[in-house]
Amino acid sequence: MNKNTLIIGFMLFAFFFGSGNLIFPPKLGFESGQFFIPAMLGFILTGVGLPLAVLMIGSKYDGGYQHALAKIHPWFSVALLSAIYLTIAPFFVIPRTGAVAYEMAVVPFLDTPSWVNLLIFTVIYYAISLWLSINPSKLVDRIGSVLTPVLLVTVLALIVMSFAKLGGNPASVATDGYQSKAFFVGFLEGYNTMDMIASVAFSVIVMSAISQKLGERADLFVETTKSGLIATSALALIYLSLGWIGNHLPLSADELTQVAGRGQNIGTFILNKSAVLGFGSAGGVVLGLIASLACLTTTVGLTVSASEYFHEMFPKIGGVNLSYKAYVILFTLIGFVLANQGLSAVISKSIPVLLVLYPITMTAMILLGLNIMKPLPVFAKRVSIGLVTVVSVLSVAGINIPLKEYSMEWLPFAIVGLIAGLIFDKIKK
C-alpha cells in the first residue's frame, strides 16, 4: 500500500476519533451488560459503516457533496451543508472536544473542579487548535505522520493493560431499555459520535489530500476507499475494545452515585478508572494524553473543513470580507465559549439537532448512492427528502410516529417519497 495513502488514512482516523468516540463506547458497554454484542453492532453500523459509505459516495461525484447536492437543489445544498458544518464545527462538536479533553485530562487531578480550571485549560487547548488550523496545507503531515501514531500507541497501551487486568471479570448487568432493543439503542448511540455527518465534511479534506499527495490523476474513489478502510477499521477495533472495558469494569453503587453527584459523564469515569487500574498513578497522565490528542485532532479537522466551506460560500457578509483565517478564528472562539458550559450541557443540547439532521443527511446519502447505480429523477429526490424533513421535525417536536422508538421513523417516508416521485416522473413523461 502506498505510504501516502496510509498517512491520509491515519489523518482521517484522527479526525474521526474525537470526544464521542472516547466516551460513548465504554458507556454503551457498561449499560448494555449481557446485550453487549448487539448493542455494539448497532453502534458500529452508524459509527463506522455509515461514515465509510458516505466517504465512498462523495468521492464518486465531481466536486464532492457540494455539487452533488446542488443538483437536487442549489438552496438545499447550501442549507444542508451549512447546517452540517455549523453543527459539527463551532456549535457542538468543537466545544464538546474541548470539554471532554478537560474532563479526562484535568478533572481527575482536581479535588474540586471549577469554572476557572476549565477556562484556563480551554484557553490553552483552543490556542493550540488555532495554530494548527491556520495553515491547512501542513495538516496531513502534522496529523497523519506525527500526532496519529502517538495517539494510536497510547490508546493501544491503555487497551492492552485494561484487558490484562479485566480479563476474568464478568459482564455488567444491562440497564433498562436494552433487553428488547439493544441493537437499536446502540444504533442511536452511534448517531451521537456525529461521524456520519462529519464524514460529509471530511470527504473534502480527504479528496484534497489525495490530489495533493498522490497527484491529480489518482483514482479518487479507490484511494478514498483505501484511506477510509484504514480509518474505519481502526475505529471499529478501538470501539469494540473500549466497549469491552466498560462492559467488564466493576463499578460500585457508591461510585455511580458519586459520578451522578458530580455531573460527570459515566464514559469518562470508566476510562479514568481503567487507566488507573492499568498504569497506576501514571494512568491519569496516559489518559490525559489520549484525550487531548484525540480531541485536538478532531477539533482541527472540523475547524479547517468548516472554515474552508464557509470561506468559499460566503467570502463576504454584509460588505465585510471574511478570509479563511477569519473563519478559523471565529469558529475557534465560538467553540471556546460554548466549551466553558461543561460537557453535559453541550451533549444535551446537541441531541435534538442531531435527530433532525441525521435522517435528512442519511436520506440524501442513500439517494446519492442509488443515483450512482441508476440515475434518479430530481423530483423523486426532492419529494423523498422533503417528506423526511417534515417527519424529522415533527418527531423531535414530540409527535408519536411509528418506529420512533427505534429512531427509524423517517425511513418509510423516505421510501414512499422516492416511489411517489418516480411514479409522478414516469406519468409526466
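# Helix packing and selected residues in a predicted model

The axes of helix α1 (residues 3-16) and α14 come within 6 Å and cross at roughly 100°. The contact is made by Ala14, Phe15 and Phe16 of α1 together with Ala294, Thr297, Thr298 and Gly301 of α14, where contact means heavy atoms within 4.5 Å. Everything here comes from a predicted model, in which local features need pLDDT of at least 70, side-chain atom pairs count only at pLDDT 80 or more, and totals for chains, interfaces and linings use all residues. Residues are numbered from 1 along each chain as its sequence is written, and side-chain values use heavy atoms, with hydrogens and water left out.

**Confidence**

- The protein has a mean pLDDT of 87, and 98% of its residues reach 70 or more; pLDDT is the predictor's confidence in each residue, from 0 to 100.
- Confidence is lowest in helix α12 (residues 253-262), with a mean of 81, and highest in helix α17 (residues 378-396), at 94.
- Helices here are DSSP runs (H or I, at least four residues), as strands are (E, at least two), numbered from the N terminus.
- Where pLDDT is low, the predicted coordinates should not be read in detail.

**How the helices cross**

- Axes are lines fitted to C-alpha atoms, for helices over the stretch in contact, and angles run from 0 to 180 degrees between N-to-C directions.
- Angles under 35 degrees count as roughly parallel, over 145 as roughly antiparallel, 65 to 115 as roughly perpendicular and the rest as oblique.
- Helix α13 (residues 266-279) and helix α14 (residues 283-313) have axes that come within 7 Å and cross at roughly 130°, so α13 and α14 are oblique to each other.
- On the α13 side, Leu271, Asn272, Ala275, Val276 and Phe279 meet Gly283, Val286 and Leu287 of α14.
- The axes of helix α5 (residues 74-91) and α6 come within 3 Å and cross at roughly 25°, so α5 and α6 are roughly parallel to each other.
- Thr87, Ile88, Ala89, Pro90 and Phe91 of α5 meet Val93, Ile94 and Pro95 of α6.

**A buried threonine**

- Thr97 sits in helix α6 (residues 93-105) and is buried, with a relative accessible area of 0%.
- Buried means under 20% relative accessible area, exposed over 50%, and partly exposed in between (1.4 Å probe, protein chains only).
- The side chains of Thr97 and Thr299 are joined by a polar contact of 2.6 Å.
- A polar contact is a pair of N or O atoms within 3.5 Å; within protein, one must be able to donate a hydrogen and the other to accept it, and residues adjacent in sequence count only if both atoms are side-chain atoms.

**Partly exposed residues**

- Lys226 lies in helix α11 (residues 220-248) and counts as partly exposed at 35% relative accessibility.
- The C-alpha atoms of Lys226 and Thr5 are separated by 7.1 Å, although these residues are 221 residues apart along the chain.
- Ile372 belongs to helix α16 (residues 343-373) and is partly exposed, with a relative accessible area of 35%.
- Leaving aside its neighbours within four places in sequence, Ile372 is in contact with Ile57, Lys60 and Tyr61.
- Leu403, in the loop between α17 and α18 (410-428), has a positive phi of about 75° although it is not a glycine.
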